[in-house]
Amino acid sequence: MPEEKEIVFKIDNELKQEFLDKQIKNTREFYSYVLKKADEYEQEVGKKIYDFNIEERDDFLIVKFKNKTKAVFQTNLSPLKQYINFCISKNVVRHNENRFATILTDKYSDYINVQAQENMYVSKE
C-alpha cells in the first residue's frame, strides 16, 4: 500500500499537521485537501485563516471552492470550522471568534458557485 503523502503547508504547518493528526485516515485526506486550499489563500492575502474578516472569509469560500450545492458547501465548511475551533483551543486566535461557524444554514445558498452549478449537468442537446 502506498505511503500517505504528507502535505507541507506554508502557513501554520505545525498547527495544521497537529490538527490533521487527530483525524482518522479517510477524514485526514479530505481535511488535508481543504486545508491546502486554505493555505493557498492565506498566502495570497497574507493573513491566517482564523484572522479572516467576514469579507475575506466569503471571498475565500466562493473563490477557492466551486460549491455546486449546499451539501457540498457544508462538506467543505465543516473541516474549516473544526480547524479554527482547534486553533482557538490552542490559544492562537486572539479574538477567540470562529467566523466560519457564524454562517447560518439558511445562508449556505449564498456560497454556491453559479458557474459550477450551471456546468454540473450536461444537457441532452
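## Helix crossing

The axes of helix α1 (residues 13–21) and helix α4 (residues 70–89) come within 10 Å and cross at roughly 115°. Thus α1 is roughly perpendicular to α4 (65 to 115 degrees). The crossing of the two is right-handed. In α1, Leu15, Lys16, Glu18 and Phe19 meet Pro79, Gln82, Tyr83, Phe86 and Cys87 of α4 (heavy atoms within 4.5 Å). The contact residues split into 6 nonpolar, 1 polar and 2 charged.

## Basis

This is a predicted model: local features need pLDDT of at least 70, side-chain atom pairs count only at pLDDT 80 or more, and totals for chains, interfaces and linings use all residues. Numbering runs from 1 along each chain as its sequence is written, and side-chain values use heavy atoms, without hydrogens and water.

## Salt bridges

The count is 10 salt bridges (a side-chain nitrogen of Lys or Arg within 4 Å of a carboxyl oxygen of Asp or Glu). Lys48 and Asp12 pair at 3.2 Å, N to O. They link distant parts of the chain, 36 residues apart: Lys48 is in the loop between α2 (25–45) and α3 (54–63), Asp12 in the segment before α1. Lys48 is partly exposed at 31% relative accessible area, while Asp12 is buried at 17% (buried is under 20%, exposed over 50%, partly exposed in between, with a 1.4 Å probe and protein chains only).

Glu29 bridges to Lys25, with the closest N and O atoms 2.6 Å apart. Both sit in helix α2, 4 residues apart, so about one helical turn separates them.

Technical notes: Axes are lines fitted to C-alpha atoms, for helices over the stretch in contact, and angles run from 0 to 180 degrees between N-to-C directions. Angles under 35 degrees count as roughly parallel, over 145 as roughly antiparallel, 65 to 115 as roughly perpendicular and the rest as oblique. A crossing is left-handed if the near helix is turned anticlockwise from the far one by less than a right angle, and right-handed if clockwise. Ala, Val, Leu, Ile, Met, Phe, Trp, Tyr, Cys and Pro count as nonpolar, Asp, Glu, Lys and Arg as charged, and the others, Gly among them, as polar.
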